[in-house]
Amino acid sequence: MDQKTKIERLCIFSIYDPEGQVDEYIYYWLQEFRKVCKYVIVVSNGHLKQGHFLEQYAEQIIERVNMGFDGGAYADVLTNHLSYMRIQKFDEIILCNDTCYGPFISMADIFDEMDSRENDFWGIQLWDEGYAQWINSFFMVFRKRIITDISWFKYFERRIDQMAISMA
């Protein structure tokens, strides 16, 4: 974790590969997250092949059935492996998945910039269709005001179907 910041961050990084392989770019993502996060959890939507090196980057590695997509993986970790009480100790929670490459600049620089901004949540990419805007779900950061609101936790607990049938 970056020593100049006292922000306690949890990263839940969701991965999927039908062969159970971990591609090199995932290690790069995780290496960058280690610079800004106190705790990193990798959740694999499927069995991982032997010989991966994820334990070098994550405090916890969870393998689960490939159901519920990334939202199901996040909900599973938050509600079954953590708890509302446990996540309260973090100032920020990052939900990220392997459907994109990056980061293309230092993750520490990204977080330094965003630390100077007042917001409750943010993401890497804002999508604007002219009639609607949204933050793409492959990288989202939620701050204390959101994660201490029980309704955020309840959303994952009650509204995200962890076992929805995956098309993959």
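Two strands count as paired if DSSP finds at least two bridges between them, and strands (E, at least two residues) and helices (H or I, at least four) are DSSP runs numbered from the N terminus. This is a predicted model, so local features need pLDDT of at least 70 and side-chain atom pairs count only at pLDDT 80 or more, while totals for chains, interfaces and linings use all residues. Residues are numbered from 1 along each chain as its sequence is written, and side-chain values use heavy atoms, with hydrogens and water left out.

**View 1. Strand S1 and its two parallel partners.**
S1 and S2 pair in the parallel sense, with 6 bridges. Here Cys11 sits opposite Val40 in S2. S1 is also joined to S4 by 6 bridges, again in parallel, and Cys11 has Ile94 as its bridge partner in S4. As a reminder, strands of a sheet pair through backbone hydrogen bonds, either parallel or antiparallel. S1 is largely enclosed by the rest of the structure, because 7 of its 7 residues are buried (buried means under 20% relative accessible area, exposed over 50%, partly exposed in between, with a 1.4 Å probe and protein chains only). Arg9, Cys11, Phe13 and Ile15 point one way from the strand, and Leu10, Ile12 and Ser14 point the other way.

**View 2**
The open sheet has 6 strands in the order S3-S2-S1-S4-S8-S5, and its pairing is mixed. Strand S3 (60-64) and strand S5 (121-123) are the edges, each pairing on one side only. On average, neighbouring strands are turned by 15 degrees against each other, direction ignored; axes are lines fitted to C-alpha atoms, for helices over the stretch in contact, and angles run from 0 to 180 degrees between N-to-C directions. Val42 has Ile61 as its bridge partner in S3. H1 packs on the sheet and touches S1, S2, S4 and S8, with its direction at about 175 degrees to that of S1 (contact means heavy atoms within 4.5 Å). H4 packs on the sheet too, touching S1, S4, S5 and S8, and its direction makes about 45 degrees with that of S8.

A nonpolar core is a set of buried Ala, Val, Leu, Ile, Met, Phe, Trp, Tyr and Cys residues joined through side-chain atoms within 4.5 Å. The largest one has 30 residues, and Phe13, Trp29, Phe33, Leu54, Ile94 and Phe139 touch the most other members. Elements giving two or more residues to this core include strand S1 (9-15), helix H1 (24-34) and strand S8 (139-143). H1 provides the largest share, 6 residues. Leaving out residues up to four places away in sequence, Phe33 touches Cys11, Phe13, Val40, Ile94, Cys96, Met107 and Phe139. Another core, of 24 residues, lies apart from this one, and among its members are Ala73, Tyr74, Phe90 and Phe142.

Glu92 is found in strand S4 and counts as buried at 2% relative accessibility. Skipping residues up to four places away in sequence, its contacts include Arg9, Phe111, Asp115 and Arg143.

A search of the whole structure finds 0 disulfides, that is, pairs of cysteine sulfur atoms within 2.5 Å. The sulfur of Cys37 is too far for a bond, because the closest cysteine sulfur, in Cys11, is 5.0 Å away. Cys37 is buried at 0% relative accessible area. For Cys100 the closest cysteine sulfur is in Cys96, 5.3 Å away, also too far for a bond. Cys100 is buried at 12%.
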